[in-house]
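Please read the points below with the sequence and the 3D structure open beside you.

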Amino acid sequence: MKPVALDDHDRRILALLRGNGRLSNQDLADRIGLSTSQCSRRRIALEQSGMILGYYAQISPLADSTPMVGMVEVRMVSHAPQAVAALMAFIEREAAIRDVFKITGDYDYLLKIAAADLPDMSRLISELASLSASVSHVRTAVVLERVKENGHLPVASAPSASSDPSMGATP
């Protein structure tokens, strides 16, 4: 994704939509001081540029059919293209792998996985570890409690909701 130059209005639109993706263009316009048509054009431009990836409901963990979460650190055998490709192919086809981060330190990747129960998580970890041509070591931590989990990314240089009353409350 190519960086896109965002002005203050774009940042405010992103911040407001991050807090409530259901805001209409009229609501956005009222809160940031633009016309409805200007907000609509800006929203479309943000969507087309990839700055807005989609709109979704944040579902409670209580409604999730895969309540067991594990954080899995993966150390690669090597970073040869075929080894990385094998791991990426496994990650793409395994729906239980929710998030993947390439990290620094003793491990190369951090995976957030979700499973229905311990046997399901064990199966996934065993399959991951069996990629012996790609994976040299796997270390897993089972999440005991979700202390803070919201998936919201900050919008660079946007005024915070607490410092700007026109921004509205965020969940």
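**Notes on the predicted model**

1. I125 counts as buried, because its relative accessibility is 19%, where buried means under 20% relative accessible area, exposed means over 50% and partly exposed lies in between (1.4 Å probe, protein chains only). The residue sits in helix α5, which covers residues 118-129; helices here are DSSP runs of H or I with at least four residues, strands are runs of E with at least two, and both are numbered from the N terminus. When neighbours within four places in sequence are left aside, I125 is in contact with V72, I113, V138 and T140, contact meaning heavy atoms within 4.5 Å. Its C-alpha atom is separated by 8.2 Å from that of V72, although I125 and V72 are 53 residues apart along the chain.

2. Some ground rules should be kept in mind: this is a predicted model, in which local features need pLDDT of at least 70 and side-chain atom pairs count only at pLDDT 80 or more, while totals for chains, interfaces and linings use all residues. Residues are numbered from 1 along each chain as its sequence is written, and side-chain values use heavy atoms, with hydrogens and water left out.

3. On confidence, pLDDT is the predictor's confidence in each residue, from 0 to 100; the mean for the protein is 86, and 86% of its residues reach 70 or more. Among the elements, the lowest mean pLDDT, 92, belongs to helix α1 (residues 8-19), and the highest, 96, to strand β2 (residues 97-102).

4. As to the overall layout, the protein has five helices and four strands, which follow the pattern α-α-α-β-α-β-β-α-β when read along the sequence. Of its 171 residues, 30% count as buried, and among contacts between residues at least 6 apart in sequence, 66% join residues at least 24 apart.

5. Which residues make the contact between α2 and α3? Helix α2 (residues 25-32) and helix α3 (residues 36-48) pack at an angle of about 110°, with their axes 8 Å apart, the axes being lines fitted to C-alpha atoms, for helices over the stretch in contact, and the angles running from 0 to 180 degrees between N-to-C directions. The two helices are therefore roughly perpendicular to each other, a term for angles of 65 to 115 degrees, whereas those under 35 count as roughly parallel, those over 145 as roughly antiparallel and the rest as oblique. The contact is made by N25, Q26, L28, A29 and I32 of α2 together with T36, C39, S40 and R43 of α3.

6. Helix α3 also packs with α1, at an angle of about 80° and with the axes 10 Å apart, so that α1 is roughly perpendicular to α3. Here H9, D10, I13, L14 and L17 in α1 meet R42, R43 and L46 in α3.

7. M71 lies in strand β1 and counts as partly exposed, because its relative accessibility is 28%. Not counting residues up to four places away in sequence, M71 touches L110, L111, K112, R139, T140, A141 and V143. M71 and V142 are 71 residues apart in sequence, yet 6.4 Å apart in space, C-alpha to C-alpha.

8. P67 is placed in the loop between α3 and β1, the latter covering residues 68-76, and with a relative accessibility of 47% P67 counts as partly exposed. Leaving aside neighbours within four places in sequence, P67 is in contact with A115, A116 and R146.
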